[in-house]
Amino acid sequence: MKRTTLSLIAGATALAAVTGFAALTAPDGTAAPGATKATTRLPVERVGLACPVPSSSEVAETVYTSYTPAGAETGKGTGAGKDGAARSTALLRPAAGATADGGTGDGGTGDKKPPATAKAPATVTAPGKPVTARANGAAVPALTGSATGALASGWTVQQTTVVPAGGPRGLLGLTCGAPDTDFWFPAASTAQARHDYVHLTNPDDTAAVADIELYGPEGVLKSQFTEGIPVPAHSTVPVLLPTLTQEAAQRDVTVHVTTRSGRVGAAVGVADDKLGSDWISASADPSGSVVLPGIPADAASVRLVVFAPGEDDADLKVKLSTASGAIVPAGADTLHVKSGMTTSIDLPDLTRGSAASLFLAPEDPKRPVPVVAALQVVRGKGDKSEIAFIPAAGAISARATAADNRAGASTLSLTAPEADARVTITASAGSEAGTPVTKTVTVKAGTTAALTDIVPQGLKGSYALTVEPVSGGKVYAARTLAAPQDGIPMFTVQTLADDRGTVEVPSARQDLGVLD
């Protein structure tokens with residue numbers, strides 16, 4: 001018999017480009033010799049995102065901003081050669097399914113074609129410049145889409161909605177999410193004054209099946225109709241939380257979304273009768289230490305909601321990171337979180353005029369217990385109040401972007417819990433005009449820096465902010481966008497998640513001998 005040598009590097013690279021994951025294995029399933037000894041990172045060449053139905057209000061005004069960062073690595077992956085840009089796409093399309101309040105959006109006609117106002121953002125033609133599109137009213141559908149080739153690495157879409165009047169009035173912001181199989185949403189509610197929907201959006205070509213679990217202060221809420229929720233391909237399904245349980249209304253609820261097959265994008269839309277509306281994005285994965293960045297300096301009230309999904313209770317130290325350093329909030333230096341129960345605490349007069357972040361760490365560093373967390377933040381007073389949410393954030397390992405920033409309205413918050421961190425921040429070209437600006441800053445350990453002055457020169461339109469760590473400790477970030485109207489301090493906060501724009505693949509030829 002003749003022994004034939006097969007090269008696996010091209011196949012592994014192509015797999016990484018398409019799926020964001022690659023691994024070499026021998027026929028018995030173990031790692032091939034040398035497969036992890038020599039690797040390199042290449043930009044991913046295909047990513048998918050899902051944007052939920054933006055609002056159920058007839059007066060809602062939504063702006064979509066689509067952006068891919070410029071960078072030396074962009075477009076250098078498999079198949080991106082000289083004509084790579086010509087074969088690259090970044091496009092969102094309307095999804096089938098219901099409106100934000102569970103209707104069909106077809107006016108009873110059965111025609112589910114989106115109206116003329118429900119346009120997806122224009123196609124990004126080149127990295128480094130955001131493009132925008134507007135869509136108004138209650139019939140705007142969810143969007144699903146993908147980016148390929150040179151436009152895939154770091155592709156970000158921001159969905160920003162203004163509802164100027166009515167019960168769901170407010171500024172709602174959301175970074176459209178990548179599909180996944182597991183999501184945690186602390187700070188949701190089934191209270192009578194709240195109308196919280198879990199939006200499940202499937203951007204893939206195959207159907208997904210999702211499960212939803214609810215946890216209140218006393219533990220799991222007895223639920224109905226929460227298992228085996230079908231989400232067809234390229235479709236969206238909104239689920240009103242109070243319809244899932246017959247138990248008494250709960251002010252603080254943690255929502256756990258998983259899929260038993262397929263993947264979905266998930267977000268919780270909140271409408272409060274008195275405090276306006278916004279989105280709750282998923283918390284970072286359960287961790288023994290948690291960072292919640294970007295609390296506005298003028299926050300009128302802050303409520304911390306924590307959940308421990310494991311079998312052990314969590315005892316946490318609470319610290320507030322300000323511009324001058326980390327301090328212990330008055331009366332809230334520690335927090336006990338019972339396993340399987342949602343725990344919350346009000347933090348009055350927390351920021352006292354200084355933008356801040358919250359750090360949670362185990363009281364005993366040798367016994368960390370994973371938790372998820374989120375903040376409910378209110379600005380303003382009385383009937384001029386506005387609500388927003390800050391989920392626990394993950395550290396930025398390589399690059400993260402916030403799109404749809406506006407002159408005089410955006411604040412970028414950076415915090416470094418453990419050690420000084422040096423980062424580079426780039427303000428992109430404007431969507432209409434403007435020259436990019438780059439600045440390198442150092443965030444001192446234990447502090448939070450609030451930056452408002454990194455803006456493109458000659459800006460017209462909106463712009464993107466990209467954060468890239470250079471050296472030092474871990475850094476976490478959030479962007480606050482403010483749009484006050486009629487005396488209401490409307491605002492929204494998005495944490496910045498690493499864009500996972502590259503994937504690790506073998507950098508040297510890997511051979512596997514087979515017999516033929």
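What is the torsion about the S-S bond of C51 and C176, and is the disulfide right-handed or left-handed? In this predicted model, the torsion about that bond is about 115 degrees, so the disulfide of C51 and C176 is right-handed.

**View 1. The disulfide between C51 and C176 in the predicted model.** A search of the whole structure finds one disulfide, formed by C51 and C176 with their sulfur atoms 2.0 Å apart. The pair links distant parts of the chain, the two cysteines being 125 residues apart: C51 belongs to strand 3 (residues 46–51), whereas C176 sits in the loop between strand 10 (170–175) and strand 11 (182–188). A disulfide is a covalent bond between the sulfur atoms of two cysteines.

**View 2. Solvent accessibility of C51 and C176.** C51 has a relative accessible area of 0% and is therefore buried, since the cut-off for a buried residue is under 20%. C176, with a relative accessibility of 4%, also falls under that 20% limit and so counts as buried.

**View 3. The largest cavity and the residues that line it.** Rolling a probe the size of a water molecule over the atoms shows where empty space is left. The count of cavities of 30 Å³ or more comes to one, and the space in the largest cavity is about 50 Å³. Its lining is made up of S410, L412, I425, L451, T452, D453, I454, Y463 and L465. The elements that give two or more residues to this lining are strand 30 (410–415) and strand 36 (463–472). Sorted by class, the lining of the largest cavity holds six nonpolar residues, two polar ones and one charged residue.

**View 4. The pairing of strand 37 with strand 38.** Strand 37 (residues 476–482) and strand 38 run antiparallel and are joined by five bridges.

Key. Residues numbered from 1 in each chain as written. Predicted model: local features only at pLDDT ≥ 70, side-chain atom pairs only at ≥ 80, totals over all residues. Heavy atoms only, no water. 1 Å grid on protein atoms, 1.4 Å probe; cavity = no way out; pocket = protein on both sides within 12 Å on 5 of 7 lines; lining within 4 Å. Points joined across faces, edges and corners; volume = space filled by probe spheres on them. Helix = DSSP H or I, 4+ residues; strand = E, 2+ residues; numbered from the N terminus. Nonpolar A, V, L, I, M, F, W, Y, C, P; charged D, E, K, R; others polar. Disulfide = S-S within 2.5 Å. Buried < 20%, exposed > 50% of the residue type's maximum accessible area, 1.4 Å probe, protein only. Pairing = 2+ DSSP bridges.
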